[in-house]
Amino acid sequence: MDSIRNQFPILATTVNKNPLIYLDNAASTQKPLVVVDSISEYYRNYNSNIHRGAHYLANIATEKYENVRTQLASFIGGQSHEIIFTSGTTQSVNLLMQSWGRKFLTSADEIVLSEMEHHANLVPWIALQDEIGFKINYIPMMTSGQLDISSLDQIITLKTKLVSIAYISNALGTIHPVAQIIAQSKLCSALVHLDCAQAIQHISIDVRALGIDFLSFSSHKIYGPMGVGVFWGKEDLLKEMNPYLYGGEMIKEVFLDKVTFNELPYKFEAGTPNVADVLGLGAAVKYIEDIGLQNIKQIEDELHSYLMLEIEKVDKIIIYTPKENSTAVVSFNIEGAHPYDIGQLLDAKGIAIRTGHHCCQPLMRKLGLEGTCRASLSFYNTKEEIDSFIAALKSIVKLV
Ligand code: PLP
């Protein structure tokens with residue numbers, strides 16, 4: 001554990017004269033030194049714009065950037081040219097909405113989302129629905145914090161063109177029954193997009209084994225830098241989709257009256273990409289693979305069970321995260337206290353959690369809440385940190 005924590009110097013800092021206890025990993029993970037170093041190394045040694053370069057630096061930067069594409073393809077079980085670099089999950093969903101949705105959805109169609117989605121996988125679709133007039137059906141959420149899939153065959157039907165859902169809920173940590181949802185989608189020949197923003201750092205993902213068509217995730221949630229992410233799509237679907245952004249790099253030929261587009265994946269990567277952070281993402285994924293996602297999951301599951309067990313013992317606690325099929329997150333409130341105040345009181349003790357609606361207003365409305373407190377774990381957290389967090393909560397409860 002010491003060797004893991006030493007990779008994350010920020011974990012040794014103090015906040016309000018207390019050692020930092022970072023329990024806001026679902027919002028963004030901390031970065032290991034190998035990631036910080038890879039970014040610094042790029043700017044120190046081979047900073048250059050990539051592709052079309054006729055010089056040493058451009059060639060080396062291009063090679064490293066394209067190597068990360070290949071590395072990520074093998075990480076998720078796709079092909080290199082199916083990996084599109086975006087700025088993160090939000091941009092990836094927008095790409096799908098603009099490039100596929102705008103081209104293929106009509107007012108006669110239906111798509112399926114769930115009531116538990118992050119706004120990133122809700123707002124783009126509602127905005128497009130306003131323009132095109134297709135129907136959005138929602139897989140309902142139960143007050144237990146799980147999706148109700150008992151009527152899946154009435155929600156995902158032959159009219160459904162796309163099912164777009166998160167693998168794991170960011171607000172509650174619920175692991176959704178994606179296998180059943182994908183199976184029903186395939187029965188109806190509907191395409192499936194999986195928002196893996198909260199899954200890619202915890203669970204080994206294989207797009208072919210899952211049988212999905214599109215996938216999105218953000219680098220900063222998997223120990224990589226901010227400002228970069230991935231959109232993956234099946235080759236034949238990507239080929240049929242329109243470009244998302246237009247400009248340099250994404251073209252084959254430009255005339256004053258017509259344009260032909262570049263091949264995959266460049267058709268979707270207009271302009272100068274975020275080279276340094278793509279390299280940082282590559283370093284993060286290598287770091288994760290060296291430790292092993294199985295090992296990471298085991299540590300996180302143990303920490304999560306311990307946290308769930310201990311937090312239950314706190315007076316006046318209300319827990320929203322289901323005991324079964326959940327990971328890394330505990331969403332809770334304390335009777336009679338506003339989540340923001342709990343967050344502030346914990347911060348005074350150096351403990352970082354997140355409070356609010358977690359970009360899931362429909363989910364909160366379903367629970368009749370304005371917001372929750374969310375503590376979220378990473379494999380670099382310890383039982384001692386959980387003990388300190390629980391002790392801090394108990395002392396706060398006495399104040400409210
Ligand atoms: N989807 C889920 C499930 C998330 O948790 C998040 C971020 O918290 C997003 C989408 C949006 O990710 P980003 O802000 O990195 O684009």
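Predicted model: local features only at pLDDT ≥ 70, side-chain atom pairs only at ≥ 80, totals over all residues.

User: Great. At what angle do α2 and α3 pack?

Analyst: Helix α2 (residues 33–46) and helix α3 (residues 56–76) pack at about 160°, and their axes are 10 Å apart. The two are therefore roughly antiparallel. Angles under 35 degrees count as roughly parallel, over 145 as roughly antiparallel, 65 to 115 as roughly perpendicular and the rest as oblique. Axes are lines fitted to C-alpha atoms, for helices over the stretch in contact, and angles run from 0 to 180 degrees between N-to-C directions. Helices (H or I, at least four residues) and strands (E, at least two) are DSSP runs, numbered from the N terminus.

User: Which residues make that contact?

Analyst: From α2 there are Tyr42, Asn45 and Tyr46, and from α3 Leu57, Ile60, Ala61 and Lys64; contact means heavy atoms within 4.5 Å. By class, that contact has five nonpolar residues, one polar and one charged. Here Ala, Val, Leu, Ile, Met, Phe, Trp, Tyr, Cys and Pro count as nonpolar, Asp, Glu, Lys and Arg as charged, and the others, Gly among them, as polar.

User: Next pair. How do α11 and α14 cross?

Analyst: The axes of α11 (residues 293–311) and α14 (residues 383–399) come within 10 Å and cross at roughly 20°. That makes α11 roughly parallel to α14. On the α11 side, Leu303, Tyr306, Leu307, Glu310 and Ile311 take part, and they meet Lys383, Ile386, Asp387, Phe389, Ile390 and Leu393 of α14. The residues of this contact divide into eight nonpolar, no polar and three charged.

User: And what about α12 against α14, what's the angle there?

Analyst: Helix α12 (residues 339–347) packs on α14 at about 120°, with the axes 10 Å apart. That makes α12 oblique to α14. Ile342, Leu345 and Leu346 of α12 make the contact with Phe389, Ala392, Leu393 and Ile396 of α14. This contact has seven nonpolar residues, with no polar and no charged ones.

User: Switching to α5: which of its residues are buried?

Analyst: In α5 (residues 123–132) the buried residues are Pro124, Trp125 and Leu128. They cover an arc of only 90° around the axis, which puts them on the same side of α5; the arc is that of the directions from the helix axis to the C-beta atoms. Buried means under 20% relative accessible area, exposed over 50%, partly exposed in between (1.4 Å probe, protein chains only).

User: What covers them?

Analyst: The cover includes α4 (89–104), β5 (110–114), β6 (135–139) and β7 (160–166).

User: Loops now. Is Asp109 buried or exposed?

Analyst: Asp109 is buried, at a relative accessible area of 8%. Asp109 sits in the loop between α4 and β5. Not counting residues up to four places away in sequence, Asp109 touches Phe104, Phe134, Lys135, Lys159 and Lys161.

User: Where is Gly173, and what does it touch?

Analyst: Gly173 is in the loop between β7 and α7 (178–187), and its relative accessible area is 0%, so it is buried. Leaving aside neighbours within four places in sequence, Gly173 is in contact with Ile168, Asn325, Ser326, Thr327 and Val329.

Terms used: Residues numbered from 1 in each chain as written. Heavy atoms only, no water.
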